[in-house]
Amino acid sequence: MNMVNKSILVVGGGISGLTAAIEAAEVGFDVFIVEKNPYLGGKVTQINQYFPKLCPPNCGLEINFRRIRSNPAVKFFTMAEVESVSGQEGNFDVTVKINPRYVNENCTGCGKCAEVCPAQRANDFNYGLDKTKAAYLPHQFAFPVKYVIDAGACQDGCSKCVEACQYNAIEKDMQPKTMKLNVGSIVWATGWKPYDAEKLSYYGFGRYPNVITNVIMERLAAINGPTGGKIVRPSDGKEIKSIAFVQCAGSRDENHLHACSSVCCMASLKQATYVREQYPDAKICIYYIDIRARGKHEDFFVKVQNEANITLIKGKAGEIQEDSATGQLVIVAEDQLNQALSEEKFDMVVLATGMQPATAETKVPAEMTYDEDGYVAAGTPGICAAGCTKKPQDVAAAVADATAAALRAIQSVRGQS
Amino acid sequence: MTGFNVSSGPLKYDTEFAREIYSLENGHHIKKCMQCGMCEVSCATRKEMDYSPRKMFLLLRTGQREEFFKSNTMWMCSTCLMCKVRCPRGVPIVDVMHDLKCYAISKGYTERAQAAFYQSFWKEIWSRGKQFEGGLMARYYLKRGWKDIRKDAFRMKDMGLTMLKHGRMPLMPPKSVKGLKDVQKLVEVAKAQLQKGADR
Amino acid sequence: MAKKIGVYICSGCGIGDALDIDALAKVATKEYKVPVCQKNAFFCGKEGVEVIKKDIAENEVTYVVIAGCSGRVNYDVFNFGPSVVLERVNLRERVVWTQEPDDEDTQMMAEDYLRITLAKLKNLELPEAYVIENCNKRVMVVGGGLAGMTSAVEVAKAGYEVVLVEKEDSLGGWLKRSYKIAPLNSPYTDPEDTGLEARVKEIEGNSNIKVYTSTTIEKTAGAPGMFDVTLKQGGGTLEEKVGAIILATGAVPYEPSKLGHLGYGASPNVVTQAQFEELAAKGTIARPSDGKAVQKVGFIQCAGSRDQEHLPYCSAACCVESIKQALYVKGQNSEAAVYVFYKDIRSSGQYEHFYKKAQSEGVMFIKADVTGVTDDGGNLTIEANDLLMGSPTMADELDMVVLANGMVPTTAFEDPAYGTEAQEEAACAAADAAPVPAPIIKSNILNLEYRQGPELPSLKYGFPDSHFICFPYETRRTGIYAAGSVRRPMDMSQAVGDATGAALKAVQCIEMTDKGGAVHPRSGDISFPDFQLNRCTQCKRCTEECPFGAINEDEKGNPLPNPTRCRRCGTCMGACPERIISFKNYSVPMLGNMLKSIEVPEEDEEKPRVLIFACENDAIPALDMAGINRLQYSKWVRIIPVRCLGSLNLVWINDAMSKGFDGVLLMGCKHGDDYQCHFMKGSELAGIRLSKVSETLDRLGLESERVYMTEVNVMDYDRIPKIINEFVEKIDKFGPNPMKGF
């Protein structure tokens, strides 16, 4: 007998996963979210502002979290990963591994553990630009509001947090758990990661401290980032007088990401406004091949173009050299519209690194087909991809796509009855 | 790199010429160029070129025959391979440049020093199966003529002497390689194969 | 259900160290005579929760007040089911973490917050869902093009009935006029068949889909779960009842006759993308003037688009469409010369593969400003400035020139049948200094029988308004979802996904409506506004101001609410000068009593009081964040959350001033073109209302600056102390409210 399970598993709790889960739950289906991080929200939690409205992603996330809070049909697991999937549409058995948080449900979020913790760890939320205690809240808006302990960063034999916690919330001997879920359909939304900029050796990322990536720029500009929202040079914390944005850093490149990542043009235009806001006199250059501000985003492109001190240079930035004395960077590019070779000096360079789907490395443990960049090209009955697992896209498109995925998941479980 | 200035009205497109270029062994790769300009920046000799490879490709696609033959771009390519490695469209720019040189020579555009050098170099290899510096020099200056000898030969004399001292430039031609005829036959076959590939 | 209140004061997380918990408990037990009041150092622990559960089970506690942490945390622990009313008094983030511990004023603040909540409970009734009888679960899809057909099929696949309405005599829309379409699937390199036949077959073979062709909509009345749609077919009309509507009427090409500067009209061989598509569909692409098979074709991108004189936006699909059409030409004759004159090639995402394919086929892309298109007896010449060559250039002897003439949403056209009533109305309203109504273009598509106008309000360029980043489908008309190129410029692959998403939203709206719940953003909220119509003065403010057009009007001007259209923001409640609109759990008297419950010290005590109304969507989380970051702010403020500043009724300002508050600060979301207000117009309306308050204050002899509205977004938490303290300082300068103690 085949019992049809009507619940839906969403793998990945970023904006696509959250959307798919909540939208399906609000139709009346039970949904499980499995998220690898200790918090929900994924990449958008690290973004300072959305283009083109320049509004904070946490605003939309708060609404989504409220929808989760008020809807018992949504259950989620953080620090969790799907290990295996078996069965078929309408009846999947899924093994989920839950990594130890070392903090149990007693945590009240009071922060005493972090207060007393003597150890530090690189803050991955800020791409290692600052440190947190080994007992930490991933970020201020973290949902759920539960602390985490990075056991690898703990001092040997230290139990200060255990002693400080009045609520017996810390379990230093917590073990990984595996859990079985039975679901009717699966939405795969593990999203993307920034392309490894060190692979673009001619841009010097990793060697020159003042060459950063666009995702790092988001953290520098964010009020809850490592600099409290002040955009400064990583090498010496100094204010900047000039900055360059290098488009297609990895994207549209046969040697790297074959597809266009579709969001980086708008992201750089947006980040130029961050700089304008803080440094109205700073020189801003954007090196591009094509500016892809599609649809109504053109308005934003026009707006930014008309701002003072912003120059768009048609020509891919070819090479970046560092002046080791000043930490400044020289970009060499062909300024095609002016028929000249351009060599310009900047205090800081932002590489518009593109998107690489998480599935380029971690495949779905089921029969799926992928395209040359690792995006899911086609699912299998009962399992569909959503958001940037399918194609490089911005938040608005990912939300629409995830809403569509929610319907596919519902069709899967409904169709079985 | 210079701007492209045409005094006699706008550039006209010549598809015939573009098609001819596309038919070269690596010519079709030119079509893939998306005009990003990475090649120019990567180029070791970019300051010597009148057109960047990017712009050269644009000229070729629009069929600017005369500008092409006038240009020094392919002749200045030192085959350092940096552009080929970095080209985001995967255009084997060095190989294209090589094809362009061959094409220019085949069309009789041999007045460039580089053309004379390539031809002399090849003749030497062909006739002996190996290189003889003296022979190469002789062939080269024979092609270039008295003016060049006067200009270059005396300028280069110190280098020549140093090479002589170190035995790097024998005065007498070496013996040809064993089985020279076979080597030449091999080359002929390879050429024919290439031609067949191009025709296909 | 009898109202029995239990107050549970948590002393954990430092609350007990900072506050006198016993004194706090007395506020509940002595002042408010609360029958059950318990203290615990760890209410969110297992034992703490058990205490509360036991009271619910054994002591019949029905209203639970937990004084401890913010409602943003431990929501799952404190979940006692739908039959228990739960209120959280945020002592931790809002008091203990932002104020001096063990201080008289901190204690007063905590006690006031408890009072506010207890006062709220006095006025709070458990809402009962507004459930309509026989909620209609069918979905109407308007428009039978790719998006509409997709929506129809997807809704049907999910098990719902569909009514598909198409104005032409057959389904297909642009697919009918297309030879092929840009690839929808990996590897994104070759044009694909339109699949029109299969799509139509699937629809016709699906008994759940009822198709009306040659049909338009004469009238759409009703509300989610109960739309009554009058269809016009031939000379007659017929009725359909549906629960939700998907607007998928798509876009039309930009009017080419306006593109004379690009040669349109000068030669039959200058055509639009759509015309070229039709030529391709016929077989060999031949030039219209003499039927000669094309050898040389020029495409001009952004013909109209990205042009302030024409369409300022990018039409999103034209680059990919031209690539496709260029490949048609190459497919027909690989030796053909194809030139694409462009500004930027916008083959975003995986369409980069499509661009590469066209390039490797020999299509030539020229970044140029086109300066002219001329006709030389059938042959055409495009003159342009080649920006990458830095020189003028020309492509001559062209057989055809194709203009990529972009798209305009079908909702952008005013139907001439309507006249200029809309503009007149808008002008009148503007003269009145009332909020300018949303631009509703009478495009003769849905013909809604809504008081605010017959179509979806648009934001810009005629595309329907929505929170297009986070919540793209949420238009300003509940239960009506726009999909495809009518929503924003998009290509076909996006339209397919978009239509599927809209299908979900339609189904979701129906299911929510069936349960009496609200849709986004107060998803599932069952409260809804009651109107005490016997006291209505027909001022029409509620019907004009509702951001979602939920309220109709009878001929006398009385409001006719449609609860299933309501998003529960309370804007109507805020608008009503007679205060006749209220929710069971959110009302003018309730908020009034909440603010009156706050103890305002006498003038000589020198303890000013500033009241803050804060939007619960953004300002309240920001205030929480200030606490989490232990940012200290003035001890004189008292914060009351509101659903949206739009629900702010001016009587509360009056109440606050009469009560002796020295100032009132309003924290709401950003409004304007890049609005962040979750109810789209709420904070804007609050601002407009507020502009009228100064007069009143002046009359009372008060400085109008005592009431101030500011925008606070969720990330502004670091500014919170500054905003609050500066306002308090300003108020301080004015001195105490002279009405104190009256």
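The model is predicted: local features need pLDDT of at least 70, side-chain atom pairs count only at pLDDT 80 or more, and totals for chains, interfaces and linings use all residues. Residues are numbered from 1 along each chain as its sequence is written, while chains are lettered from A and ligands numbered from 1 in the order in which they are written. Helices (H or I, at least four residues) and strands (E, at least two) are DSSP runs, numbered from the N terminus.

**Sheet in chain A**

- Three strands of chain A make an open, antiparallel sheet, ordered E4-E5-E10. Strands pair if DSSP finds at least two bridges between them.
- Strand E4 (80–88) and strand E10 (177–183) of chain A are the edge strands; each has a single partner strand, so one side of each lacks a neighbour in the sheet.
- From one strand to the next, the twist averages 20 degrees.
- E4(A) and strand E5 (residues 91–98) of chain A run antiparallel and are joined by eight bridges.
- A:Gln88 has A:Asn91 of E5(A) as its bridge partner.

**Helix pair in chain A**

- Helix H5 (residues 214–221) and helix H6 (residues 264–278) of chain A pack at about 30 degrees, with axes 11 Å apart. Axes are lines fitted to C-alpha atoms, for helices over the stretch in contact, and angles run from 0 to 180 degrees between N-to-C directions.
- That angle makes H5(A) roughly parallel to H6(A) (angles under 35 degrees count as such).
- H5(A) contributes A:Asn214, A:Met217 and A:Ala221 to the contact, and H6(A) contributes A:Cys264, A:Ala267, A:Ser268, A:Gln271 and A:Tyr274. Residues are in contact if their C-beta atoms, placed from the backbone, lie within 7 Å.
- The contact of H5(A) with H6(A) has five nonpolar, three polar and no charged residues. Ala, Val, Leu, Ile, Met, Phe, Trp, Tyr, Cys and Pro count as nonpolar, Asp, Glu, Lys and Arg as charged, and the others, Gly among them, as polar.

**Interface of chains A and C**

- Chain A places 61 residues in contact with 71 residues of chain C.
- Helix H2 (57–69), helix H7 (298–305) and helix H8 (395–415) of chain A each give two or more residues to the chain A side.
- H8(A) gives the most, with 13 residues.
- The chain A side holds 27 nonpolar, 17 polar and 17 charged residues.

**Domains of chain B**

- Chain B is assigned domain 1 (15–106) and domain 2 (113–195); the bounds come from an automatic or database domain assignment.
- Their C-alpha centres lie 27 Å apart.
- Four residues of domain 1 and five residues of domain 2 make the contact.
- On the domain 1 side, two residues are nonpolar, none polar and two charged.

Key:
Contact = placed C-beta atoms within 7 Å. Parallel < 35°, antiparallel > 145°, perpendicular 65-115°, else oblique.
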